[in-house]
Amino acid sequence: MARQADYLEFDDELVDFAVAAFQEDGRWEAVGLPPHVAESLDDFLFALHQQVSEGPTIGLVGLGDEYFLAARLVGREVRLFLSNAAAGADDQIAGDLLERLDPEADPFKLDEVPFGDQSIFADLGLGPLDLAFVCEQLQLERDLRLRDAVGGLAARLGFGEQFAKAARRDDQADEWRDG
């Protein structure tokens with residue numbers, strides 16, 4: 001595994017979105033999280049654990065318009081997915097995910113393929129092949145925006161509109177900096 005010093009310096013400007021989705025009164029809700037939660041997997045999971053949900057809590061982080069990370073909390077169970085394993089060589093949050101799921105994984109030898117629990121959303125109607133297809137699209141279609149691709153996944157899971165509202169950074173940038 002890469003040493004922490006090998007990671008690129010964290011820049012919250014590269015965080016395309018950080019969103020937590022949860023169920024309240026039988027409906028999906030979503031909130032934007034401050035960009036700094038994408039600095040490490042522990043920070044991201046801590047933020048997700050703060051959300052009260054009647055069902056699963058889903059966290060989605062997009063970085064550099066290139067890859068995304070998904071986490072799903074059901075009780076104490078944590079399920080993780082990374083759209084591009086090679087991102088673990090440069091970014092701490094991706095490297096943390098690789099380390100947690102496979103301490104022997106060498107991010108410098110991994111291809112740009114999905115990594116982690118590809119069935120993370122299967123019981124919600126989004127199977128592993130659907131997830132893999134979106135990851136492949138992100139690699140091949142350079143004009144496909146990460147926010148749009150993940151927004152499509154969120155729509156399939158039932159919280160597309162909520163994701164779209166929560167993923168907007170422009171409205172909340174000043175609030176995050178002042179808070």
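**Close-up 1. Ser83 sits in the loop between strand E5 (77-82) and helix H2 (92-101).** This is a predicted model, like every view that follows. Ser83 has a relative accessibility of 2%, so it counts as buried. Look at its side chain: a polar atom there lies 2.8 Å from the backbone nitrogen of Phe68. Leaving aside residues up to four places away in sequence, Ser83 touches Tyr67, Phe68, Val113, Pro114 and Cys135.

**Close-up 2. Strand E4 is mostly covered.** Of the eight residues in E4, seven are buried. On one side of the story is E3: E3 and E4 run antiparallel and are joined by seven bridges. To find your way along this pairing, pick out Leu60, which stands opposite Ala70 in E4. E4 also runs antiparallel to E5, with six bridges between them. Here a handy landmark is Leu69, whose bridge partner in E5 is Leu82.

**Close-up 3. Two hairpins, each with a glycine to look for.** The hairpin of E3 and E4 has three residues between the strands, and Gly64 takes a positive phi near 60 degrees in it. Move on to the hairpin of E4 and E5 and you'll find two residues between the strands. In that hairpin, Gly75 has a positive phi near 65 degrees.

**Close-up 4. Asp25 and Asp65 have positive phi values without being glycines.** Most residues other than glycine have a negative phi. Asp25, with phi near 55 degrees, is found in the loop between strand E1 (15-24) and strand E2 (27-32). Its relative accessibility is 66%, so Asp25 counts as exposed. For Asp65, phi is about 55 degrees, and its place is in the loop between strand E3 (57-63) and E4. Asp65 counts as partly exposed because its relative accessibility is 37%.

**Close-up 5. Arg72 and Asp123 form a salt bridge.** Side chains of opposite charge can pair when their charged atoms come close. In this pair, the closest N and O atoms are 2.6 Å apart. Arg72 belongs to strand E4 (residues 67-74), while Asp123 is in the loop between strand E6 (115-116) and helix H3 (128-140), so the pair ties together parts that are 51 residues apart in sequence. As for cover, Arg72 counts as buried at 4% relative accessibility, whereas Asp123 is exposed, with a relative accessible area of 56%.

**Close-up 6. Arg79 and Asp117 meet through their side chains in a salt bridge.** The N to O distance is 2.6 Å. Arg79 lies in strand E5 and Asp117 in the loop between E6 and H3, so this pair ties together parts that are 38 residues apart in sequence. Arg79 has a relative accessible area of 19%. The cut-off for buried is under 20%, so Arg79 counts as buried. Asp117, at 23% relative accessibility, counts as partly exposed.

Close-up 7. Arg27 counts as exposed, with 53% relative accessibility, while Glu29 is partly exposed, with a relative accessible area of 25%.

Terms used:
Residues numbered from 1 in each chain as written. Predicted model: local features only at pLDDT ≥ 70, side-chain atom pairs only at ≥ 80, totals over all residues. Heavy atoms only, no water. Helix = DSSP H or I, 4+ residues; strand = E, 2+ residues; numbered from the N terminus. Buried < 20%, exposed > 50% of the residue type's maximum accessible area, 1.4 Å probe, protein only. Polar contact = N/O pair within 3.5 Å; in protein donor to acceptor, adjacent residues only side chain to side chain. Contact = heavy atoms within 4.5 Å. Salt bridge = Lys/Arg side-chain N within 4 Å of Asp/Glu carboxyl O. Pairing = 2+ DSSP bridges.
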